[in-house]
Structures are given as C-alpha cells and as structure tokens.
Amino acid sequence: MPFPVRRIACAAALLLGLQAHAQEAPSTPFTNSAMDAPLFYQLLIGELELNSGQAGVAFQVLLDAARRTGDEELFKRVVNIALQARAGDQALLAARSWADTIPTSVDAYQTTVQLLALLNKPAEVPQPLATLLKVAPDVQRPGLIAALPRLFQRSPDPKAVLAALAPVLQAQTGPLKPAALYTEARFAINAGENARALALTRELNQLLPDSDDAMQLAVDLLPAEPQAESLITQRLQQKPDQHALRQAYGRALIKAQRPGDAAREFRVLTGATPDNPAAWLALGAIELELKHLPAAEAALRESLKRLDTPAAGTDDEIKARADGRQSAWLMLSQAAEQRGDFKAAEAALQKVDGGGIEVKFRRASLLARQGKLAEGRKLLRPAADAGDADTRAAVLAEAQLLREQRDYAGAAGVLKAGTERFKEDTDLIYEQAMMSEKLGRFDEMEAQLRRVIELKPDHHHAYNALGYSFADRNQRLPEAKELIERALKLAPGEPFIVDSLGWVEFRLGNLPEATKLLRQAMAGRPDAEIAAHLGEVLWASGAQDEARRVFADAAQRDPANEALRETLDRLKVKP
C-alpha cells in the first residue's frame, strides 16, 4: 500500500541525519552490513508504522522482510508484534513462515508448538512437535517433552490434547522414553484417564526405579487411584530417608480424607526431620482434626519454635513463615476452645494479625460458647459494601456457627438467603440440604441434593449424602447403595463414603461385608460417627465386648458427637 508523504519525509530525514552523522564521525575501521538500502528502508518503514499504531501494516512489512532475509531475530520481532496486538492467528502465521524459511530452527518449531497450545489447536501440534524433536539437540529433547504439560495445562479439552499428542509421545524411544511416559501420564491425569496414567507411571517406575517423576505422578494419582499408593509405600520402604516424598505422600492422604494414615506419616517425618516446621504444622492440623488435643497442641508449639526463630530467606520464604505462624496460633486457639479454656483461646487469637474470616469465626465461636451467640453472629455479618466472595464466605461461616450451636433452623435461614443471592452455588445448596436433613425436611433435602448433582455431576458429597440419608432411614436401599457406589467411584477410598457403604450393607443385612467396610473406614478416619456405626454392627454381630471398646474410645475423643450419643442411648450401652 502507498505510504503517506509525511512518513516518507520522516524516514528520509532520518536517513539524511544518519548520513550526516556518518560523514562527521572520525574514520574508523568497520565491517559492512549485509543490509542493503531497500531492506533498511523497509525495516524503517515497518517500525514507523508500528510506532504510529499501525500494527497490521508493520506486521506485513516486517514479515516480508523476515521471509526475504531469513533472519531469526526479525521473525521473533514479527511474532511479538502480533502477540502484542492480540492477533494469535497472525503470530502463528509468522511462526509457520519462520519454520518454512529456516527448517532447521529449533526456536521456530518451539514457538509454533507454543502458539498452537495457546490457541487451543492440539490437533495441529503433532507435525511441528515431531519436527522439533528431530531438529533439537539431543540434550534439549527430554526437556522439550517434559515442558508440554505446562503448555496445555489450561486447555478446555484435555481429552483432545491426550488424543492428539499421545502418538508422538509413544513413538519416542531410548533416552526420550522416560520423558515421554511422564508427559503422557500427565495428559492422562488431566483427561481423567487415571487407570491409563497409573499404567504409564508403573512403566516409568520400572524403567527408572529411582525416578522422582514416577513418585510425583503416584502422589497426584493417589486420591483418585488407590492402587498408586503401593508404588509410594514400596519406595519409602526401600528408601525411608526420602523425606520430601513422605511429606508429599502425607499431604495426598489428607486430600484423600485419610487423616489417620496422614498422621502416621507425619509422625515419622517429624521424628526424622525435627527441624522441619512444615511437618510439625501439618501434624498439628491433623491431630486437631482427629481430636487428639494434647498431641495437636504439642505439635503446633513445636512448629512455632521453629517458625519463630529468625531466619533469612526470600520474600516468599519469609511470607510462608509468617503464614505458618498465623495458622499455628489459629489452631492453638481452636484446640484451647475445644478444651473449654476460653481464656487461652482468646490469648492465642491475640497472636494472630489481621481480621480475616477465619479469625472472625474463631472469635464468634468463642462468644457463642460463652452464651453470646448474637454477638458472634454480628461479628460475622459482611459489610454493606462487601463483594460476592466476602459475602459468600460470611454466609458459610455464620451457618457453620449456628450449626455448631445446633440452631439448625437458624442455619437453614441464613443459607436460604445465601442461595437466593447465589442461585447456582453448589456449596451453599449442599449445606442447605444438610440443614433440611437435620430439620427432618427430607423431601426438600432430596430436591436440594439432586440440584447440586445437576449443577455439578461430580459432586461426590451430594451422592453420598443422599444415599446415606436413604440408608439411615432404611428406605430405598438399592438406590441408596447405587448412589453411594457412584460417590465412591468419584472419590475412591474416602472414609466417610466407605462408612456409608458399610451402613447400607448393614441395612441390607450383610453383616460381614458391613463389618469389613466399617473397619476400613475407621482405619482411614477414626471418627466418632464411623465408630458409632462400627460399634452397632459389631453389637448386632454378637461381638459386644469389641463394640464396647470401640464405643469407649470414640466417647473419650468426642463425647458430644450426636450420632454416637444417639447410638449409645438406643442400644442402652454405657461405654
């Protein structure tokens, strides 16, 4: 296209200025550039167009120059111009032209693959990826493969990514095989194909028995694929000093809702690495959840000893230590509150900076336990100008406070107002269903849980709650079992769901299977409600001495648990 006279005049003036400067400069040796006058003029015009806001024109002018010269830096410049203009397709066009012009360029093919990932075009990746792995130096190839999952981590269709890239990965052999196995397993996890990911992880572990990558995959798979656990336990038996792996394993057990097993691993870890504050903090949190209050407080104080020690570090490390101290004091406050020592609980809260929702909830809970529920509720109310996130958090906190005080009608009212504002919030609707169940409004509860499932088909808690409700009321038992089994597929090994399945088996009269399942649930999470179910099944099976021991242990840890108290009263058992 013709350029405006003003821009040509500006370019000419600049050229004349450069020439004048060259004539005035002292004579020194120099090397002639390969750039001729037409190319220089073309580059200058491209930059002038860009500076004046004509990115499209600049892109075309400079892309033509890059094609004619085969200059890699110029191709990079053209790609960046397109990206800055948010013109992804033009950036891809430039990258492909770059690869066509310089077919041995690693940067060209790598940029093409990156842009295809950015533009969500996984079906077009195999050809440039295969070429990239051919032209790249041997030492770079494993890293290029291992970087692929990060490129596609935001893909809206992970199954399409797996289908497109798996053939290229499966074709890799020799030194590239481990990276290819790891990457395909990552794509399989993202696509929800956990059995396939586990098989790839096992193959990687056999190929490289000391591979950290295989262990990381196994840890990530554990909550959804319980068989991955054997890979981790075998490694820890062989190499018990792999403390980072044990810590990751413990956190995966927490995620899998198995605090009893997680506590076991963190007890080992704190014994082996006593100076690790993160391990003590995690152990304290787990012991608190298990209602082992003395053990929880001891672990939390051990974490504080190490977190309070002045230490240099990066800004992120310093912040992490500060966050750890906050968490430790909050949990110490909670433990003191559960012991009934409100003065110690308030003293611990005084150590916490800021006034976030967690701190407000702890203070509100303290007030409620001292008969000042109205003051506690007022403390949790959101400000008039609060945003959606803060308002939602306040609704959940106030409902939890009322639930802990057994004001189920009040909690239901708070949640009803919340769901009127946040109509498709599955967490609020689920909590509303739990309050409906407490109030005996079972039709409302069922409708609310089915609404949760409609909005979020993988909400395993909703399937489990509905199935358990049927089983607990001894109704629709085949449907109850089907719902609970569906929940267990979504969250394999989750102790509360295993407990529900054991309970429905009990209702169906399958005492041996019920006993087996409830023992499994109790081993993973020694909770008072699970203990109540196990004790009742043992009682019905004739093992009354063992049932009494189970009841007594649960009553010692959580004497106020409603399910336990109701079971003991109904069976007329004194633990």
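How much accessible surface does the protein have, and what percentage of it belongs to carbon and sulfur atoms? The accessible surface comes to about 29100 Å², of which 52% belongs to carbon and sulfur atoms, with areas taken from the Shrake-Rupley method with a 1.4 Å probe and, for residues, only the protein chains shown counting as cover. The model is predicted, so that local features need pLDDT of at least 70 and side-chain atom pairs count only at pLDDT 80 or more, whereas totals for chains, interfaces and linings use all residues. Residues are numbered from 1 along each chain as its sequence is written, and side-chain values use heavy atoms, with hydrogens and water left out.

The protein contains 33 helices and zero strands, where helices (H or I, at least four residues) and strands (E, at least two) are DSSP runs numbered from the N terminus. Its radius of gyration, taken over C-alpha atoms, is 32 Å, well over the 25 Å given for 575 residues by the globule rule, so the protein is more spread out than a compact globule; that rule is 2.2 Å times the number of residues to the power 0.38. Along the principal axes, the C-alpha atoms fill a box of roughly 105 × 55 × 50 Å. Of the 575 residues, 46% count as buried, that is, under 20% relative accessible area, as against over 50% for exposed and in between for partly exposed (1.4 Å probe, protein chains only).

Three aromatic pairs are present, a pair being rings of Phe, Tyr and Trp (its six-membered ring) with centres within 6.5 Å, classed as stacked if the planes are under 30 degrees apart, edge-to-face if over 60 and tilted otherwise. One of them joins Phe152 and Phe187 edge-to-face, at 6.1 Å centre to centre and 80° between the planes. Because Phe152 lies in the loop between α9 (148–151) and α10 (158–170) and Phe187 in helix α11 (residues 177–190), this pair ties together parts that are 35 residues apart in sequence. Phe152 is buried at 5% relative accessibility, and Phe187 is buried at 2%. Trp503 and Phe506 form a tilted pair, 5.0 Å centre to centre with 35° between the planes; both lie in helix α29 (residues 495–507), three residues apart, about one turn of the helix.

In helix α13 (residues 212–221), the buried residues are Ala214, Met215, Leu217, Ala218, Val219 and Leu221. Their cover includes α11, α12 (194–207), α14 (229–238) and α15 (243–255), with contact meaning heavy atoms within 4.5 Å.
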